[in-house]
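Here's a quick tour of one model, taken a piece at a time. Have the structure open while you read.

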Amino acid sequence: MKPNRLSTKKHTLRFAVILSALILAGCASTQSTTSSTSVSSASSTVSTASTSAESGADETDSTGGAMNGAIGSVIEANLSFKNKDFYIDYSTEDTVKIDLSAPKEADGVKVSGSTVTITEAGTYVLSGTLTDGQVIIDAGDEDDVRLVLENASITCTTTAPIYAKNADKVIISLPENTESTVTDTVTGTDGNDELTAAIFAKCDLSVNGTGTLNVNANANDGIMSEDKLKITGGVLNITSADDGLVGKDAVLIKDGTVHITASGNGIKSTKSEADKGYVYIGGGTVNITAEQDGIQAETSVLISAGEVNVTAGGGSANGEQKTGNAMFDGAQSTTTDETLSTKGIKAEAALDITGGTVTVDSADDSLHSNDSMTVSGGGIT
């Protein structure tokens, strides 16, 4: 954990936080192989800024009381979902149906061999099996494209099976009582760009519904957006050779059930701008088994509701043995191997838990922040 850079004026507050942690720790039995939990500091103020919804005619504010902590008003202003992020009954809409077993060209659909390209805004219902093929979304900059996966199976041995190349937003909908599967083999390319996920989007990407989506990412990441990745429903079963869910701008989970088994990180956001690089969980159930960090954010992590279960680095059984008091005397580790980060939930800026239930079993720190940490609600094991 990086050294705390808070001013000396906050030393008294920091000591109070440490003392509280020690009191809580005294209520539990101690194991010599259990890894330590790091608390860098607690903010002395609680943000009360109201959350604003994204601009747009169909905006809706649904953050679920995220403002009870101290994550910062800049990020709080982005914790919102539009109506189109949620599931809509597509039977009432004009749709284009695509049988992937024998795809044919239609309005907004081009077919070249086993490649299906969607070129216009609209709702497209995909069913059947596409073997060693690809679905590409290459629409206009202002276009919203909704893919309804109706028991669809898409596999590809040369690139990303689903590639959102251009659009304003792509929405993947999972209807009730359906199960779809996306499987890749290698990391694909598009010019100089690597398509580093089985479902790869260069635009905002949302997943909703109540059906099931299985993602077998044998090459790299499971689902990745270069902008925001939002999940408001569905059952997602993700197995990945690297990271499970990646949203460079942000990952926001409002509902649904997400199961991730990752050889890298479970959930990750990577941009370092003040209003990006964060992970927000405000509902649903998230189960993560990761060889590295369970949740990793380049800026901040906020959990305001839902159930989060994380096993990182094989759990505390694989943690370094430490002696001495880690908070006051400095822990002495029996090994210096720190090549992989195996923390449960890690934030570079702020970690804020205001509600929900969080259970972590990690080889390194369970909860970790390089700047501030605030726990103002919820239950933590």
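In β15, the residue that bridges to Ile-171 is Ser-206. Keep in mind that this is a predicted model. That bridge belongs to a parallel pairing between strand β10 (residues 169-174) and β15, which runs over 6 bridges.

β15 also pairs with strand β18 (residues 228-240), again in the parallel sense, this time over 3 bridges. Here Leu-205 has Leu-229 of β18 as its bridge partner.

So how enclosed is β15 (residues 204-209)? Of its 6 residues, 5 are buried, so the strand is largely enclosed by the rest of the structure.

Now for a couple of cysteines. Cys-203 is buried, with a relative accessible area of 3%. Cys-156 also counts as buried because its relative accessibility is 3%, and the cut-off for buried is under 20%. As for disulfides, the count comes to 0, where a disulfide would need two cysteine sulfur atoms within 2.5 Å.

Over to a loop: Ser-341 sits between β26 (332-333) and β27 (345-347). Which residues does Ser-341 touch, leaving aside its neighbours within four places in sequence? They are Gln-292, Asp-293 and Lys-346.

Terms used
Residues are numbered from 1 along each chain as its sequence is written. This is a predicted model: local features need pLDDT of at least 70, side-chain atom pairs count only at pLDDT 80 or more; totals for chains, interfaces and linings use all residues. Side-chain values use heavy atoms; hydrogens and water are left out. Buried means under 20% relative accessible area, exposed over 50%, partly exposed in between (1.4 Å probe, protein chains only). Helices (H or I, at least four residues) and strands (E, at least two) are DSSP runs, numbered from the N terminus. Two strands pair if DSSP finds at least two bridges between them. Contact means heavy atoms within 4.5 Å.
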